[in-house]
Amino acid sequence: MKNCYLINFDIKGDERGSLVAIEQQKNISFEIKRIYYIFNTEKSFIRGKHAHRELNQVLICISGNCKIKVDSGKEIKIIELKERNQGLFIGQMIWREMFDFSADCVLLVLASEYYDEEEYIRDYDEFLKAVEQ
Ligand code: T46
């Protein structure tokens, strides 16, 4: 899907275990201005349900697993995040819904901009109209 894809990070492993390193503008295509993480979400809850006009993000499930529905307005995909070395890039104007969180899920998000509620699109019809334009 245009503007939404999986990234496979290299695992630096040895007999002691595994390590993934993330470096802005190297294996992440943008400058990272904000990091947040989501945890303690019950399985029955759906988070997200919005798109961003400006924001690019990479979502990494650093514990447990969850599913992400991504919708470009033309195509819908459901992606399961469960690999520690996998990130989901979600660019501008992609509707996202996160669901099916395992009890131990910790979803780490790297964001290209500071938090700004004004650039969220939280109404699905408004999102579809904006995609058409
Ligand atoms: C996204 C998905 C993957 C802040 O104060 N600062 C922040 O940086 C963020 C992200 C949120 N908040 C506050 C706003 C709400 O009062 O935290 C509360 C929960 O945020 P929200 O309902 O937007 O959370 P999600 O899980 O629905 O969505 C979040 C991000 O907001 C969003 O950008 O793409 O995770």
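Modeller: The side chain of Asn56 reaches the backbone nitrogen of Gln92 at 3.3 Å. This is a polar contact, that is, a pair of N or O atoms within 3.5 Å; within protein, one must be able to donate a hydrogen and the other to accept it, and residues adjacent in sequence count only if both atoms are side-chain atoms. The model is predicted, and local features need pLDDT of at least 70, side-chain atom pairs count only at pLDDT 80 or more, while totals for chains, interfaces and linings use all residues. Residues are numbered from 1 along each chain as its sequence is written, and side-chain values use heavy atoms, with hydrogens and water left out.

Asn56 is placed in the loop between β3 and β4; strands are DSSP runs (E, at least two residues) numbered from the N terminus. Asn56 counts as buried because its relative accessibility is 18%, where buried means under 20% relative accessible area, exposed over 50% and partly exposed in between (1.4 Å probe, protein chains only). Leaving aside neighbours within four places in sequence, Asn56 is in contact (heavy atoms within 4.5 Å) with Phe30, Phe89, Ile90, Gly91, Gln92, Leu110, Ala111 and Ser112.

Ile90 is among the residues with the most contacts inside the largest nonpolar core, which has 18 residues. Such a core is a set of buried Ala, Val, Leu, Ile, Met, Phe, Trp, Tyr and Cys residues joined through side-chain atoms within 4.5 Å. The elements giving two or more residues to this core are β4 (57-63), β5 (66-71), β6 (76-81), β7 (86-90) and β9 (106-111), and β5 gives the most, with 3 residues. Apart from this core lies another, of 9 residues, and Phe89 is one of them.

Leu88 also belongs to the residues with the most contacts in the largest core. Its partners, not counting residues up to four places away in sequence, include Gln57, Val58 and Leu59.

Gln57 leads in turn to the ligand, as one of the closest of the 13 residues that surround it, each having a heavy atom within 4 Å of it. β3 (47-52) is among the strands supplying at least two residues of this shell, and β3 gives the most, with 4 residues. A polar side-chain atom of His52 lies 2.7 Å from an oxygen atom of the ligand, and for Tyr120 the corresponding distance is 2.5 Å.
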